[in-house]
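Please work through the exercises below with the sequence and the structure at hand.

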Amino acid sequence: MDKLDKPLEAWRAELSDEQFRICRLGATERPFTGRYNDTKTPGTYKCVCCGEPLFDSSSKFDSGCGWPSYSAPINEAAITELDDFSHGMHRIEVRCARCEAHLGHVFPDGPPPTGLRYCINSASLELQPREA
């Protein structure tokens, strides 16, 4: 995978304020406000920054947490996981492996077969609907 590295100024020019704040600065959208939280459209969720395919709608489930949730990425190599000790707790941050955009966090309370819940900000994703 080719890494994509740009200065913050370039990202700021390409992304909306919310996308920049979340993807490049590690912020989080408010729960139940993201455009993909309740979406059921079949397709591929790509990184809004670089277009890398990250999650398929077949792995999306309603976790009730307020953010789109997926049980697995399309490809393990598409994401990276980092320890996050912010907010006085330990979590696992999920980033796009290609451009290092902050996507959200992964938790060990998802459905079988993975048992994982990738809790992802809608603002970090772009849905490419599947052709009928």
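The model is predicted: local features need pLDDT of at least 70, side-chain atom pairs count only at pLDDT 80 or more, and totals for chains, interfaces and linings use all residues. Residues are numbered from 1 along each chain as its sequence is written, and side-chain values use heavy atoms, with hydrogens and water left out.

**Exercise 1.** Determine where threonine 80 lies and which residues it touches.

Solution. Step one: threonine 80 belongs to strand β5, residues 79-84 (helices, H or I, at least four residues, and strands, E, at least two, are DSSP runs numbered from the N terminus). Step two: the relative accessible area of threonine 80 is 29%, which means partly exposed, since buried is under 20%, exposed over 50% and partly exposed in between (1.4 Å probe, protein chains only). Step three: leaving aside residues up to four places away in sequence, threonine 80 touches Glu93, Val94, Arg95, Cys96 and Ala97 (contact: heavy atoms within 4.5 Å). Step four: from C-alpha to C-alpha, threonine 80 and glutamate 93 are 8.1 Å apart, although 13 residues apart in sequence.

**Exercise 2.** State the strand order of the open sheet and explain the position of β5.

Solution. Step one: the six strands are ordered β3-β4-β8-β7-β6-β5, with antiparallel pairing (two strands pair if DSSP finds at least two bridges between them). Step two: β3 (60-61) and β5 each have a single partner strand and stand at the edges, so one side of each lacks a neighbour in the sheet.

**Exercise 3.** Describe how β7 is joined to β8.

Solution. Step one: strands β7 (residues 102-107) and β8 (residues 117-120) run antiparallel and are joined by four bridges. Step two: histidine 105 has cysteine 119 in β8 as its bridge partner.
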